[in-house]
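Keep the sequence and the 3D view side by side.

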Amino acid sequence: MKKYEIKNSVCTVLYSSNSHNRGYFAWPSVAQIDDNKIMVVCSGFREAHQDPYGKVIGFISCDNGKSWSEPITIANSVLDDRDSGIVYFKDKIYVTWFTAKKQTYIGANSGSDYDKDWDRYCSQISDNENEKFFKPLYVVSEDNGKTFSEIKYAPVFSPHGMVKSNENRLFYVGYRPQENFALYLTKSDDGENWGQLNQFVSDERVKNEKLYEPTCLPLKDGRILILVRSEIDGIKELYATEKESGVYDFSEMTLVTPTKKSPPHLLRLKNGNILLTYCRRETPLGVFCRVSEDEGKTWSDELVVYLSEEEMNDKPNSWDMGYPATVELENGKMLTVFYERVKYSDNNTAIKQIFWNLK
């Protein structure tokens, strides 16, 4: 395999809020809408890593990431709207996320340094509303992000959302929080109607092996490459093979990288290779990647895309960063978005972007 290098890596702040108590923005995803337009989504205007106030927020760039719009509120259910994913499919933008039910925060406001009113807020959420929105959710834009539909129900959830294939299908791997933590694969031809849910990890195995936050990528031979975050071993992979329409068999899992506590992101590069981006939430903190030239059978050595400043390693809750996602721009540069703690604040986080070249 070729020896890869990262060149010309430049990290800048995409968005940071000066708000004293609602300046937490996290868990971003990114999609290329057209040759110059990019959209980033995340959870924002939060008080902390966990609180009941999260909203789905978007940012739009019309110049390949040189400048960005002010934050746009895409969705705001009565529950905590968390990790957002995005895909551009058949001239529509699909934005996905999941929620935390109100019981998560009742009696838990001691975890907040600022707003001590979580119980009051959650008590105003009816049981019907709690049940209605405690599911995988998504909205759709048919006008390039100017407006979005009402909130719809997605079949499953994972942080970076749905993935499209070259055959104009959507694939989605994830879990159904309203039921349990079992992991499923499903597909759709139109983004609205989804096929059979194929379970590839049981709820019991998820709990025993701490397997979370999967992502997937359609391969050239029709199989689906699935990567899963393991809190015990690191990032693992398996393959899904369609044995009949919409029904899949799954291989055993193998280890890709021992880096733990980080969900993976997969990208098909223009040269046909696969890029895996992930973060390290232990010293040294940072964003890393690996490349596969053979559809995930083997991976390159780990490459450093970005290292947090040394002083960040000693900040309170410095582990609270990452969730990188990457797009390849027309000029061949990579654009990776992630989140990280803000120097001047013990609680605020910023959405950041890295421009870099893979050589």
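Predicted model: local features only at pLDDT ≥ 70, side-chain atom pairs only at ≥ 80, totals over all residues.

Start with an open sheet of 4 strands, in the order β1-β27-β26-β25, with antiparallel pairing. At its edges stand β1 and β25 (322-328), each with a single partner strand, so one side of each is left without a neighbour in the sheet. From one strand to the next, the twist averages 25 degrees. That angle is taken between axes, which are lines fitted to C-alpha atoms (for helices over the stretch in contact), and angles run from 0 to 180 degrees between N-to-C directions.

Residues are numbered from 1 along each chain as its sequence is written, and side-chain values use heavy atoms, with hydrogens and water left out. Strands (E, at least two residues) and helices (H or I, at least four) are DSSP runs, numbered from the N terminus. Two strands pair if DSSP finds at least two bridges between them.

Now look at β27. Strand β1 (residues 6-15) pairs with β27 in the antiparallel sense over 7 bridges. Ile 6 has Leu 358 of β27 as its bridge partner. Thr 12 is bridged to Gln 353 in β27. Strand β26 (residues 334-341) also pairs with β27 in the antiparallel sense, over 8 bridges. There, Leu 335 has Phe 355 of β27 as its bridge partner.

Why is β27 described as largely enclosed by the rest of the structure? Because 10 of the 10 residues of this strand (residues 349-358) are buried. Buried means under 20% relative accessible area, exposed means over 50%, and partly exposed lies in between (1.4 Å probe, protein chains only). In a regular strand the side chains alternate between the two faces of the sheet. Both faces of β27 are covered. On one side, Thr 349, Ile 351, Gln 353, Phe 355 and Asn 357 are all buried. On the other, so are Ala 350, Lys 352, Ile 354, Trp 356 and Leu 358.

Move to another open sheet of 4 strands, with the order β7-β8-β10-β11 and antiparallel pairing. Its edge strands are β7 and β11, and each pairs on one side only. Strand β8 (residues 92-97) and strand β10 (residues 137-141) pair in the antiparallel sense over 5 bridges. Trp 97 stands opposite Leu 137 in β10.

Two loops come next. Ser 84 is found between β6 (80-81) and β7 (85-89). Ser 84 counts as buried, because its relative accessibility is 0%. A polar atom of its side chain lies 3.3 Å from the backbone oxygen of Cys 42.

Pro 155 sits in the loop between β11 (152-153) and β12 (163-164). Its relative accessible area is 11%, so Pro 155 is buried. Pro 155 touches Pro 136, Tyr 172, Arg 176, Thr 186, Trp 194 and Leu 197, not counting residues up to four places away in sequence. Pro 155 and Glu 192 are 37 residues apart in sequence and 9.8 Å apart in space, C-alpha to C-alpha.

Next, the open space. The largest pocket has a volume of about 1,000 Å³. Of the 40 residues that line this pocket, the closest to its centre are Val 163, Lys 164, Leu 217, Leu 267 and Arg 268. Among the elements that give two or more residues to the lining are β2 (24-32), β16 (211-218) and β21 (265-268). A pocket is an open set of points on a 1 Å grid over the protein atoms alone, where a 1.4 Å probe fits, with protein on both sides within 12 Å along at least five of seven lines; lining residues have an atom within 4 Å of a point. Grid points are joined across faces, edges and corners, and the volume is the space filled by probe spheres set on the points.

Finally, some backbone details. Most residues other than glycine have a negative phi, and most peptide bonds are trans. A cis peptide bond joins Thr 283 and Pro 284, with omega about 0 degrees. Pro 284 lies in the loop between β22 (274-280) and β23 (286-292). Lys 90, in the loop between β7 and β8, has a positive phi of about 50 degrees although it is not a glycine. Lys 90 counts as partly exposed, at 43% relative accessibility. Lys 210 is found in the loop between α3 (203-209) and β16. Lys 210 has a positive phi of about 55 degrees and is not a glycine. At 37% relative accessibility, Lys 210 is partly exposed.

Technical notes. Contact = heavy atoms within 4.5 Å. Polar contact = N/O pair within 3.5 Å; in protein donor to acceptor, adjacent residues only side chain to side chain.
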